[in-house]
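The following note sets out numbered points for a colleague who wishes to read this structure closely. Please consult the sequence and the model alongside each point.

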Amino acid sequence: MTDTATLKITYREALKQGMHEALINNEKVFLMGEDVGRYGGAFAVSKGFLAEFGEDRIMDVPLSESGFVGAGIGAALAGMRPIVEVMTVNFSLLALDQIINNAATLLHMSGGQINVPVVIRMNSGIGNQLAAQHSHSWEPFYAHIPGLKIVSAGTHEDARGMLLTALESPDPVVIFEYTSLLNMESEIRSGSGAVDIDKAKIRREGKDLSIITYGPGVYKALAAAEILASSGIDVEIIDLRVLNPIDDDTIINSVVKTHRALIVEEAWRSVSISSEIISRIMENAFYSLDAPVERLCGIEVPIPYPKHLEDASIPQKQDIVDSVLKMIQHD
Amino acid sequence: MKDQELKTTILQLLSKIAPDIDPQELEMDANIREVFGIDSFDFLQFIIGLDEEFGITTPEEDYGKITTLNTLMAYLKLASNKQV
Amino acid sequence: MIEFTMPSLGADMEDGTLAEWRVKSGDFVKRGDIIADVDTQKGLIEIEVFDEGTIHELIVKEGEKVPVGTVMATIIPAQEKISADVKTAPAPASKSKIKKESIKPAVKRVVTKGIDHLKISPLAKRMAVEKGIDVSTIKGSGPQGSIVKKDIDLAVAMKAESHVEVTGGKKERAAEGVRAAIASAMSRSNREIPHFYLETRIDMSKALDWLSQSNKQTELKDRLLSVVLLIKATAKAIREVPAVNAYWKNGLELKNVINIGFAVSLREGGVVIPAIPEADKKSLNELMALLNDLIPRARALQLRSSELSQSTITLTNIGEGSTDKVFGIIYPPQVAIIGFGNIVEEAWAENGALSTRPVVHVTLAADHRAIDGYLGGRFLMALKKNLQNPAAL
């Protein structure tokens, strides 16, 4: 086997392999969450784990987000390395008190004596007609909170590797995974494993404009870039990956090079990740801009159930193509 | 026609075609088309001008004989003598 | 009522200044009449009308600069002539008044117009300071007419060339406009169009022999130049391979008429490309007569609107008298440009023997979004074949 060999897997399989490797590597790692055991996970990411690792390490919990997230934080305090699965980000709101007032705050409150090495995974974004209770994107909310590291797995490589690195962190990490990507297949290097969770990544190099995105925006932007390339427009694509703390250097260096930026995200527009990125560009790269920074975000409505409205509520590949053309050709 | 008059007439024609070039800078044995940046269309206009001015007919095969002021003036003298 | 609008005289034209109306209200006009002179980047252009009827109202005032598409005048169509008498009646007048008012709210930006504020990107502003460019004299090409990096780059380039002076203020300005128009169109072409190039050599001995025989029998004024053969041979080759004669705008639009844009270099620098309409249907003598008319007017920057906007493909003979080969940049939205080099004697191998022949190198630069190498090759072969049978041209 060589390093260049690749294999084609689904995003779901990438998540599963990452978690499987984590459970094998370290006996202190265990998985807890709603339906993760007997049912195999609401999104079938932990299918078969109960039989392989047993009830002590694959733990079904009651439908009480505040309760089981709190229990996970307690286990982390006691020296374990829990992976807490909150089915979707929408339900995580019930556990915000535990996540913010305990996980994010204890290191500070204890004068630096107590770390909370908990990893919380949650699915985010639209999920093929799951309606407004299951389809929202709360990344901007979590990225607002000091004391939490927030990462977003927008590629198969990151779905496979982010969890492994997160479990090494002494402090709480929230990993956003994406319901809409679960069945998507992609090639990853066969030796793929842990990835850094500090830096944004340039997913495609280009010179005419920087598209800055995360989550499902990454693959959409890459597809849009191919279309734009056929019109001779060469865009650079930055996958933010880490939403708190944000990697300024990668963004600013890119904008200084291309002089134009478009931010793409599925979350609602106002007070969002894009708001923050644009502020940082203004603070650090104003005199390198040759055009106003633009953004494509989710429409500010509860995500609708009908397919055509669901599609219309978030940025699509063609929206990205159109926005870039407008920014570059403005006619 | 005296040499000087001949030369003045030629230079006037050239100036009409290429007003941006100072005709006084044209040396006697320099290639006229190169100095004035004259393409085939301009050259045809130039020949038409010469023919009208001197009452001659310049056949196409003679174009090669009139590349410099020296050769052009010699050619014109010969041609206008023949014509008379 | 027909609306007569500011025409677009090429992909790079954004607006024009009305220099003079050649008609007045009540005048009868027919297709092809020149009704106005408009000052554009390409000089003073005579604008033709394409409808028949009676001028109702001249809306744009002389000296006014308006964007492409602005209604400049209204014309009562010929078949409505009977009702033309009502032109002083209040009804149409109030209609046009209402229309003007209703436009107002759409143009919200007018509010900022009076404010002494220049739209310029931060990058462009920084560059202008660094390079000592006076931005108040620059016309922006960015969003909402803002000045962007490209405009500063252009201004820097023009500043470097500013020692070239031409007498006559108007002509100087026009030449500057030509430069800016070329810069904008060519940058866009190079950025957007994936060019590919094909080249072939053509033996010109038959064509030149035929030409010199033909010219021997004609008066000086009716003599043909070899370029006329090249134009006609090209036009006929287009008829055989029509794919090269097209526009690319959000997709391919094949053109039925063959209007060959003929590149004319200006002595002060710059190129203008008047169209030779329906070149395939014109005889060699007609083509020569057309060139005799077009070239001097092109050099004086006195072309008509239709002549600047009709080309469906471009031919450049710029190599004549100088270089052997020319590789062109396509003029958008066209999809091809044909470049002829100088006709020179070259060694020519044929049937196992070497001889010298007058040879022209011809290139085709084509838009790979629109056409492929196979068709491009067929086009050049057709061109080559046509030049071997000059009598049939």
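1. Two strands pair if DSSP finds at least two bridges between them; helices (H or I, at least four residues) and strands (E, at least two) are DSSP runs, numbered from the N terminus. With these terms, chain C holds an open sheet of four strands in the order 1-8-6-3, paired antiparallel. Strand 1 (2–5) and strand 3 (28–29) of chain C are the edge strands, each pairing on one side only.

2. The model is predicted: local features need pLDDT of at least 70, side-chain atom pairs count only at pLDDT 80 or more, and totals for chains, interfaces and linings use all residues. Residues are numbered from 1 along each chain as its sequence is written, while chains are lettered from A and ligands numbered from 1 in the order in which they are written.

3. Within the sheet, strand 6 (residues 53–58) and strand 8 (residues 71–77) of chain C pair in the antiparallel sense over five bridges. Here C:E57 stands opposite C:T74 in strand 8 of chain C.

4. Contact between residues requires C-beta atoms, placed from the backbone, within 7 Å. By this criterion, 14 residues of chain C meet 15 residues of chain B. On the side of chain C that touches chain B, helix 6 (205–216) and helix 8 (284–299) of chain C each supply at least two residues. Helix 6 of chain C gives the most, with three residues.

5. For residue classes, Ala, Val, Leu, Ile, Met, Phe, Trp, Tyr, Cys and Pro count as nonpolar, Asp, Glu, Lys and Arg as charged, and the others, Gly among them, as polar. The side of chain C that touches chain B has five nonpolar, three polar and six charged residues.

6. Ten residues of chain A are in contact with 13 residues of chain C. The side of chain A that touches chain C comprises four nonpolar, five polar and one charged residues.

7. A nonpolar core is a set of buried Ala, Val, Leu, Ile, Met, Phe, Trp, Tyr and Cys residues joined through C-beta atoms within 7 Å; buried means that 20 or more other C-beta atoms lie within 10 Å of a residue's own, again placed from the backbone. The largest such core has 107 residues, of which A:V151 and A:I175 touch the most other members. Helix 9 (residues 217–229) of chain A gives the most to this core, with seven residues.

8. Chain B has four helices and zero strands. Of its 84 residues, 18% are buried.

Notes:
Contact = placed C-beta atoms within 7 Å. Buried ≥ 20, exposed ≤ 12 C-beta atoms within 10 Å, placed from the backbone.
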